[in-house]
Amino acid sequence: MEDTDRNEYEEHGVEQEIDKSHVSDETHQEKHNGSAKTTADPFYVRLLFTPLDFVSMAFLSITLVPIRMVAAFIALTLAWAVSCIGLTNIDQTVPVSGWRKPLQWISCFLGRICCRCCGFSVTITGTQVPKSVAPVLVVAPHSSFFDALAIFWTGLPFIVNREENKNLLFIGKCVQFAQAIFVSRERKESREECKEEIKRRVNSKQPWEQFLIFPEGTTSNRKALMSFKPGGFLPGKPVQPVLIRYHLKHDTVSWTWDQPHGFIACFMYTMFQLRNKVELEFLPPYEPSEPEQMDPVLFASNVRQEMSNALGVPLCDMSYEDIKNKYSKKKEQ
């Protein structure tokens, strides 16, 4: 996958300067009977379709997929229109309220329709707690742009997004109306402002929605849990871990570093499936201890371990920079 594409997509963890004294491609998982070791590559994806799979996809491409694409376009256009109306004279320093709130709900509903048009069937396990109990939702593992569906099934919480995404056709207005915090990855001042805005909203007594973050900062094939960036843990407030589990015959959704197919193929292969089952599992809220409140890196690490145990996958301590360097060198060889 092209590095420029990866740079444009990566989540913007607001803490990026974390020293790592040791980086290893191999990861370890603690189990009840001892320490287990895996050498599975969390960035390797290969799709092996059978002739019958190709026949099925060809049939759906001329029957169901055109209907899905038209319906998705209509839903996206309506969401854009609703967002444009809601953004009229809006004050983004305070939560959406009044007549704009129903428009946000409509936008969220239309987002769900777009996901269903991609064939996703979403089931919920566990219970999402309100902001008063856990103001931050920590979602992992992060493997695809399709993970954005978690935003629509958690009630349109605010997120951190790239400054450049404000200008994306259709989607840009929708993200703005969802009151995302926009950050420029290149400017340190912007990252600092983002951290302060996260803390302000999470600690505010105003009715802000919950804050949702994909803390890994990069995507994988879900065979390991990447390092967590501490941005969502800076406020020191309780968080609710949310697991994304895809139950698929073929992993068409993963968009990561070592795969021969890119964004468009990933999107179309997923659209060509009759049904894509995904489960959102809400774990019990995690209440930080006093040391964790003072140390967001420790807080993030402990939540990550809990999520790893629940998923039954090992940890991988490679950072975004480590991964980028590894696959840049591999590409040059």
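Here is a short chat about a predicted model.

Colleague: Hi! What order do the five strands take in the open sheet?
Modeller: They run β3-β9-β8-β4-β7, and the pairing is mixed.

Colleague: Which strands stand at the edges?
Modeller: Those are β3 (120-125) and β7 (211-213). Each has a single partner strand, so one side of each is left without a neighbour in the sheet. From one strand to the next, the twist averages 20°.

Colleague: And in which sense do β4 and β8 pair?
Modeller: Parallel, over five bridges, with β4 covering residues 136-140 and β8 covering 239-247. Within β8, P241 is the bridge partner of V138.

Colleague: Where is the cis peptide bond?
Modeller: Between A140 and P141, with omega at about -5°. P141 sits in the loop between β4 and α5 (149-152). For context, most peptide bonds are trans.

Colleague: On to phi, then. What is the phi of L156?
Modeller: Near 65°, which is positive in a residue other than glycine. Most residues other than glycine have a negative phi. R222 is not a glycine either, and its phi is positive at about 75°.

Colleague: Changing topic: which residues make the nonpolar surface patch?
Modeller: V70, F73, I74 and L78, giving about 390 Å². L78 belongs to helix α3 (residues 64-86) and is partly exposed, with a relative accessible area of 45%.

Definitions and conventions:
Residues are numbered from 1 along each chain as its sequence is written. This is a predicted model: local features need pLDDT of at least 70, side-chain atom pairs count only at pLDDT 80 or more; totals for chains, interfaces and linings use all residues. Side-chain values use heavy atoms; hydrogens and water are left out. Two strands pair if DSSP finds at least two bridges between them. Helices (H or I, at least four residues) and strands (E, at least two) are DSSP runs, numbered from the N terminus. Axes are lines fitted to C-alpha atoms, for helices over the stretch in contact, and angles run from 0 to 180 degrees between N-to-C directions. Patches are made of residues with over 30% relative accessible area and no salt bridge: like charges are joined within 9 Å, nonpolar side chains (Val, Leu, Ile, Met, Phe, Trp, Tyr) within 5 Å. Accessible areas come from the Shrake-Rupley method with a 1.4 Å probe; for residues, only the protein chains shown count as cover. A salt bridge is a side-chain nitrogen of Lys or Arg within 4 Å of a carboxyl oxygen of Asp or Glu. Buried means under 20% relative accessible area, exposed over 50%, partly exposed in between (1.4 Å probe, protein chains only).
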